[in-house]
Amino acid sequence: MLNIDQIKQLIRTNILSLTPYSTARDEYKGDLGIFLDANESPYQNGYNRYPDPRQEALKKRLIEIKGIEIDRIFLGNGSDEAIDLIFRIFCNPGRDEVVSISPSYGMYEVCSKINDVQLRFFELDEDFSFDPQQLLRFVSQNTKVIFLCSPNNPSGNTLGRDKIKAVIEGFKGIVVVDEAYVDFSDEPSLVDLISQYPNLIILQTLSKAYAMAGLRLGLALSNREIIQRMSMVKYPYNINSASQALVLDLLRDPIDEKVELIKKERQRVSAELLKLPFVIKIYPSQANFILVKFDQAQKYYDLLIQKGIIVRNRSHVKGCFNCLRITIGLKEENDALLAALREI
Ligand SMILES: *Cc1c(COP(=O)(O)O)cnc(C)c1O
């Protein structure tokens, strides 16, 4: 297991020596005053001032929800920003590499290419499970980061707390656990482990269960050292004022009831789909989507499009042959999907 000093050694030297951009309002903390420091317009329209670069009000609310300390949370412009920052903080372009499970979320690969960091895919088993010891043998001397996603996109299954723990304990680098769908899962988040394992970064998002994809807000939860680095490297004003205010406001709506409804619909849609002769298999899901194996996925994908129903075609993705990923919608939307498929 790694300690904080070893985490520091994983950070790129240019990042370790970085002096972050100091924003105009870093020195003065009050709300009241005559602000002539930031070259803003003095004409009030609700948005003429720069946003809080530390997002303090929003963070205070989110740490309450997540049950963690303030120095353990980073807010990004979607979790995609956090993924990119992890590359930029830990991975030397052209030299280091990362490992991702496969199939999984496409952004890990896109970010690796943008950052000129080699990504190697560790293939999950046929049922999308994995053996942690095999993964630990798969990483190399140059592997800085392992990306795990649980519940995994597009397969929907969780990877298992004990198996993930074995990876965190056995790997001498950073383990990212992407929990974008954790709110739909019966398995609890691994967030309680961030105080125990300094090499663990948990990603969560408000884009799925919290219904705020349009506002772009992602969370990275980890230790102070890593969170501080992420905050130093991000653009100072990465979360705009409108998003900060709207998210804070929308966080007053509890999500539990909606999440329960989606879980119930997930069960119902799965059972109904299984009755169709051309549906071969539905993979067990802990997320707000299901991965469905058809006899000819492309054919049903095209037919659904003709009826104005758009699902995600994963039929050419390795490990997902003939599969469509179907998001669970409102009851009437799911009924429309089922009706369209029954007509075929
Ligand atoms: C949807 C999704 C995200 C969310 O990304 P945002 O940038 O926060 O919208 C992150 N990870 C996975 C695996 C996802 O499927």
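# A guided tour, starting at the ligand

A polar side-chain atom of Asp178 sits 2.7 Å from a nitrogen atom of the ligand. Select that residue together with the ligand to begin. Keep in mind as you go that this is a predicted model.

**Stop 1: around the ligand**

Now widen your selection. How many residues surround the ligand? There are 13, and the closest are Ser79, Tyr181, Thr205, Lys208 and Arg216. Pick out Ser79, where an N or O atom of the side chain is 2.6 Å from an oxygen atom of the ligand. Then pick Arg216, whose side chain also has an N or O atom 2.6 Å from a ligand oxygen. On its own the ligand has 390 Å² of accessible area, and the protein covers 94% of that.

**Stop 2: helix H7**

Select residues 161-170, which form helix H7. Which of its residues are buried? They are Ile164, Val167 and Ile168. These residues are on the same side of H7, because they cover an arc of only 100° around the axis. Look down the helix axis to see it. Next, display what lies over that side: the cover includes helix H6 (132-138), strand S4 (143-149), strand S5 (174-178) and strand S6 (200-205).

**Stop 3: helix H8**

Move on to helix H8, residues 224-233. Its buried residues are Glu225, Ile226, Ile227, Arg229, Met230 and Val233. Zoom in on the start of H8, where a side-chain oxygen of Asn223 comes to within 3.2 Å of the backbone nitrogen of Glu225.

**Stop 4**

Most peptide bonds are trans, and most residues other than glycine have a negative phi.

- Pro103 is in the loop between strand S2 (97-102) and helix H5 (107-114).
- Select Ser150 and Pro151: they too are joined by a cis peptide bond, with omega about -5°. The loop holding Pro151 runs between S4 and H7.
- Select Asp116: its phi is near 55°, a positive value in a residue other than glycine. Asp116 is in the loop between H5 and strand S3 (118-123).
- Select Ala211: its phi is near 60°, which is again positive in a residue that is not glycine. You will find Ala211 in the loop between S6 and strand S7 (218-221). Is Ala211 buried or exposed? Ala211 is exposed, with a relative accessible area of 64%.

**Stop 5: the cysteines**

Show the cysteine sulfurs next. How many disulfides does the count come to? The count comes to zero. Cys91, for example, is in no disulfide, and the nearest cysteine sulfur, in Cys111, is 10 Å away. Cys91 is buried, with a relative accessible area of 1%.

Now go to Cys323. Its closest cysteine sulfur belongs to Cys320, at 5.5 Å.

**Stop 6**

For the last stop, select Glu272 in helix H10, residues 256-274. Its side chain makes a polar contact of 2.9 Å with the side chain of Lys275. Leaving aside neighbours within four places in sequence, Glu272 is in contact with Leu338 and Arg342.

Now select helix H12, residues 331-343, and find Glu333 in it. Glu333 counts as partly exposed, at 48% relative accessibility. Its C-alpha atom is 8.9 Å from that of Ile309, which is 24 residues away along the chain.

Finish with Asn334, which is also in H12. Is Asn334 buried or exposed? Asn334 is buried, with a relative accessible area of 3%. What is Asn334 in contact with, leaving aside its neighbours within four places in sequence? Display Glu265, Arg268, Val269, Thr327, Ile328 and Gly329 to see these contacts.

Notes:
Residues are numbered from 1 along each chain as its sequence is written. This is a predicted model: local features need pLDDT of at least 70, side-chain atom pairs count only at pLDDT 80 or more; totals for chains, interfaces and linings use all residues. Side-chain values use heavy atoms; hydrogens and water are left out. Buried means under 20% relative accessible area, exposed over 50%, partly exposed in between (1.4 Å probe, protein chains only). Helices (H or I, at least four residues) and strands (E, at least two) are DSSP runs, numbered from the N terminus. The arc is that of the directions from the helix axis to the C-beta atoms. Contact means heavy atoms within 4.5 Å. A disulfide is a pair of cysteine sulfur atoms within 2.5 Å. A residue is near a molecule or strand if one of its heavy atoms lies within 4 Å of it. A polar contact is a pair of N or O atoms within 3.5 Å; within protein, one must be able to donate a hydrogen and the other to accept it, and residues adjacent in sequence count only if both atoms are side-chain atoms. Accessible areas come from the Shrake-Rupley method with a 1.4 Å probe; for residues, only the protein chains shown count as cover.
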